[in-house]
Amino acid sequence: EALATALTCSQTLVRLNLGGNAVGDGGAVLLAASLRQNSALAVLNLRSNSIGPEGGEALADALQQANTTLIDLNLGANAVTAVDLQRVEGSLARNRRPGPAALAKELAQQAAASGGAADLKKRALGDDGVAVLCEALRSQACGSVTTLDLRRNEITAASAQVLEETVAMCSRLTFLGLQDNPIAGSSAGLRVVGATAVNKLR
C-alpha cells in the first residue's frame with residue numbers, strides 16, 4: 001500500500017521491477033489506482049505475482065481509461081484473462097505511438113533517406129493513430145512524402161474522411177498502402193485511393 005501511494009505521487013520513477021513479489025489481486029488493484037494518476041512510469045514488471053482476473057481487470061481498466069505513459073507491462077506467469085491481456089496490450093500500443101511532432105519528424109527523415117517513401121506498416125496505429133498521423137502530415141511532412149505504407153494498422157472506414165482530406169492537401173502523396181486493414185477494398189477505402197490517383201494527375 002505504501003508503494004502504491006508513493007507511485008501515485010512520483011514524477012521521477014520510470015522503471016519498476018516487482019517480479020515475484022506476491023503482489024496478488026489486492027496489490028494489483030492498488031497499483032492500478034496509482035497508475036491512473038502516475039504520469040512518469042514507463043516500464044513495470046509484475047511477472048509471477050499471483051495476479052488473477054480481479055487484479056488483471058483493474059490494471060486493464062486503468063490503462064485503457066486513464067494512463068498514457070506506461071509502454072511496457074509484464075504480466076507473465078499470472079492468471080490474468082486473455083481478454084484483459086489483450087486490453088492491456090492495446091493500451092500499451094496506444095501509449096507507444098508518437099505525437100504529431102515526433103511523427104512528422106520521423107516521416108520527414110524517412111522521406112529524405114528514401115526519395116519520398118515512408119513506411120509505417122504494422123505500427124498498430126488504429127483510427128486514433130491515423131488522426132495523429134494526418135495531423136503530422138498536414139503540419140510539417142506534407143511536402144516530402146510521396147508514398148506512404150500503412151499496411152496492417154487496424155485502420156477502419158472511420159478514418160476515410162480524414163485520410164481523404166489529408167491526401168488532397170498533400171499533393172505530392174501519390175501512393176497510400178492500405179492493404180490488410182479493414183478499410184481496404186471498401187467504398188471508403190476506394191475513395192482514399194482515388195484521392196491519391198488525383199494527385200498523380202496534378
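## The whole protein

The accessible surface of this protein comes to about 9800 Å², and 53% of that belongs to carbon and sulfur atoms (areas come from the Shrake-Rupley method with a 1.4 Å probe, and for residues only the protein chains shown count as cover). What you're looking at is a predicted model, where local features need pLDDT of at least 70, side-chain atom pairs count only at pLDDT 80 or more, and totals for chains, interfaces and linings use all residues. Residues are numbered from 1 along each chain as its sequence is written, and side-chain values use heavy atoms, with hydrogens and water left out.

Take the C-alpha atoms along the principal axes and they fill a box of roughly 65 × 35 × 25 Å. Of the 202 residues, 44% are buried (buried is under 20% relative accessible area, exposed is over 50%, and partly exposed is in between, with a 1.4 Å probe and protein chains only).

## Helices, strands and contacts

You can find eight helices and six strands here (helices are DSSP runs of H or I with at least four residues, strands are runs of E with at least two, and both are numbered from the N terminus). Starting from the N terminus, the order is α-β-α-β-α-β-α-α-β-α-β-α-β-α.

Now for contacts, meaning heavy atoms within 4.5 Å. Among contacts with a separation of 6 or more, 83% are between residues 24 or more positions apart.

## A look at helix α4

Helix α4 covers residues 82–96, and Ser91 sits in it. Is Ser91 buried or exposed? Ser91 counts as buried because its relative accessibility is 3%. Setting aside neighbours within four places in sequence, Ser91 touches Leu63 and Gln64.

Asp84 and Arg87 are in helix α4 too, three residues apart, which is about one turn of the helix. Their side chains meet in a salt bridge, at 2.7 Å from N to O (a salt bridge is a side-chain nitrogen of Lys or Arg within 4 Å of a carboxyl oxygen of Asp or Glu). Both Asp84 and Arg87 are buried.

## Charges and more salt bridges

The protein carries 18 positive and 18 negative side chains, with the centres of the two sets 10 Å apart. For that count, Lys and Arg are positive, Asp and Glu are negative, and His and the chain ends are left out; each charge is placed at NZ of Lys, CZ of Arg, CG of Asp or CD of Glu. Side chains of opposite charge can pair when their charged atoms come close. How many salt bridges turn up in a search of the whole structure? The search finds seven.

One of them joins Arg191 to Glu164, with the closest N and O atoms 3.5 Å apart. This pair links distant parts of the chain, 27 residues apart: Arg191 is in helix α8 (residues 187–201) and Glu164 in helix α7 (residues 160–169). Arg191 is partly exposed at 42% relative accessibility, and Glu164 is partly exposed at 29%. Elsewhere, salt bridges with shared partners tie Asp61, Asp84 and Arg87 into one network.

## Around Asp119

Asp119 belongs to strand β4 (residues 117–119). With a relative accessibility of 32%, Asp119 counts as partly exposed. Its C-alpha atom is 5.9 Å from that of Leu148, 29 residues away along the chain.

Leaving out neighbours within four places in sequence, Asp119 is in contact with Gln110 and Asp149. Asp149 also forms a salt bridge with Arg151, the closest N and O atoms being 2.6 Å apart. Asp149 is buried at 13% relative accessibility, while Arg151 is partly exposed at 31%.
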